[in-house]
Amino acid sequence: MTIIFNNHEFKYEIEAVCKLFFPCILFKHEYQLSDLDRDNLIVTQLKQEQQIIYLSTMVRLDGQVFSEQQCVDSNHIHCEKECERLLAVTVYLALKRATGIDVKWGVMTGIRPVKQLNYWIEQGHSIQQVKEIFQRDYLASEEKFELCKQVREHQISIIDASKPNSYSLYVSIPFCPTRCSYCSFVSSSIAGTKAKALVNDYVEKLCEEIRYIGDIVKRFSLSLETIYIGGGTPTTLSAEQLILLTNTIKQAFLVQDVKEYTIEAGRADTITREKLLAIRQAGATRISINPQTFQDHVLKAIGRKHTVQQVIDCYHLARELGFEDINMDLIAGLPEDTLETFQDTIDKIIALSPTNVTVHTLTIKRSSDLFQNHEENEKISDDAIVQMVEYAYQKLTQNGYYPYYLYRQKNTLQNLENIGYCKKGYEGRYNIYIMEEIHTILAAGASAVSKLIRHRSQKVHRIFNYKYPFEYNKDFKTILERKNQIAEFYQDINFSLDIHK
């Protein structure tokens, strides 16, 4: 499939809309109008005549032609932004006609639709006006608006309680026992000897980075609200390495007053009593045990080396050791899964009764093994996935769970979303903070990205660490140098004034 971008610079947004209809295709890009009689072609164009800007899309697919056009007055107060939106609308409408696919999120391509809803409300729009913007301007369905509204209602008290000087700490453990077929995260399988050899050096440098960040934040009146150790699979570390890591965090930060401390226990084939005890001793208040499915044949298909019974045993062991707040992740649309077996998975997880359940829709990224297997992609990309997600929503909300955070990703099957559900009072605060970008997240480790945010600001300043563990270890000095941007960011902020605003 080829996209032609003629006389405009809206490449990112236009391709994002095209991906809603063709999530597993690598598009070719062209920038001039030529050879328009070929098939599998999307032509987008901006043309100005006097004070009118014409925006058009032509789609040639399977021998048929579909076209749409919109126009904008060149004197529009937000002319460029409106041109981008309306060109996206023409692409959406043309592709909807060409494919017959109904995209319920319309041209809302961003990963944080609830954040967008909050922004419009902060700008003075009523909830009814925001609904009209969702449906009229962005062509999103009433169903998706109501979902965003419901999520907002369950997280707004946590958002409002976050103080101007609040921040969270994220620590990345980019290792897994093996790589799952759907995975696109920057994680290294310790099944390989090269990656395994990196771990000790990585943990030592990670602890040094944590201490370095801790020294910086002590110079400012910052308040640590949540800690999140994720990955990858943090429990690929030994119990001794987990103790070293968590003791370093205790020494570097004021952890006694944190409102939430999450450690991803992760996969059942890495969880042991000793590691859970180390996590408990660290003061973690919340853990994740992530089965992804409760079907053994699906676990085998995605490359997991554990059974469903091992997941259940790990869950009961965590309960026995005193963990009250437990999250479990599931994925709708995995290879070899069906609507019936996914429904069975939902029923089984409800029977276990964890406090949190996160339901992801399978996202096929270029770096995953699934992306390379087009036959498999076609097999799992059917309407059953929509029914899976709907079943999860219905059953979980009927059994005492409600949606409290939501995000979207590119290349997600059926253009669906990921939803975090919880029982009352068990909202994952870090999940809300990171998705709605409420306050600063200081991040340590390979692939970690710190996000510096001023209170009630839409602007985010990012500090990137190197992606891969070997890069992290090799160029660690640069990582620490970049962290000095934290001090530069905070040195001119007067929190005593902000608190009373």
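Q: Which residues of helix H4 are buried?
A: In helix H4 (residues 127-137), they are Val130, Lys131, Ile133, Phe134 and Asp137. Buried means under 20% relative accessible area, with a 1.4 Å probe and protein chains only. A helix here is a DSSP run of H or I with at least four residues, and a strand is a run of E with at least two, both numbered from the N terminus.

Q: Is this an experimental structure or a predicted one?
A: This is a predicted model, where local features need pLDDT of at least 70 and side-chain atom pairs 80 or more, while totals for chains, interfaces and linings use all residues. Residues are numbered from 1 along each chain as its sequence is written, and side-chain values use heavy atoms, leaving out hydrogens and water.

Q: What do the buried residues of H4 pack against?
A: They pack against three helices: H2 (79-99), H3 (113-122) and H5 (142-161).

Q: And what follows H4?
A: Leu139 does, and the phi of Leu139 is positive, near 60°.

Q: Switching topic, where does Tyr405 sit?
A: Tyr405 belongs to strand S14, which covers residues 401-407.

Q: Buried or exposed?
A: Tyr405 is buried, as its relative accessible area is 6%.

Q: How many residues apart along the chain are Tyr405 and Val151?
A: They are 254 residues apart along the chain, yet their C-alpha atoms are separated by 5.8 Å.

Methods
Buried means under 20% relative accessible area, exposed over 50%, partly exposed in between (1.4 Å probe, protein chains only). Contact means heavy atoms within 4.5 Å.
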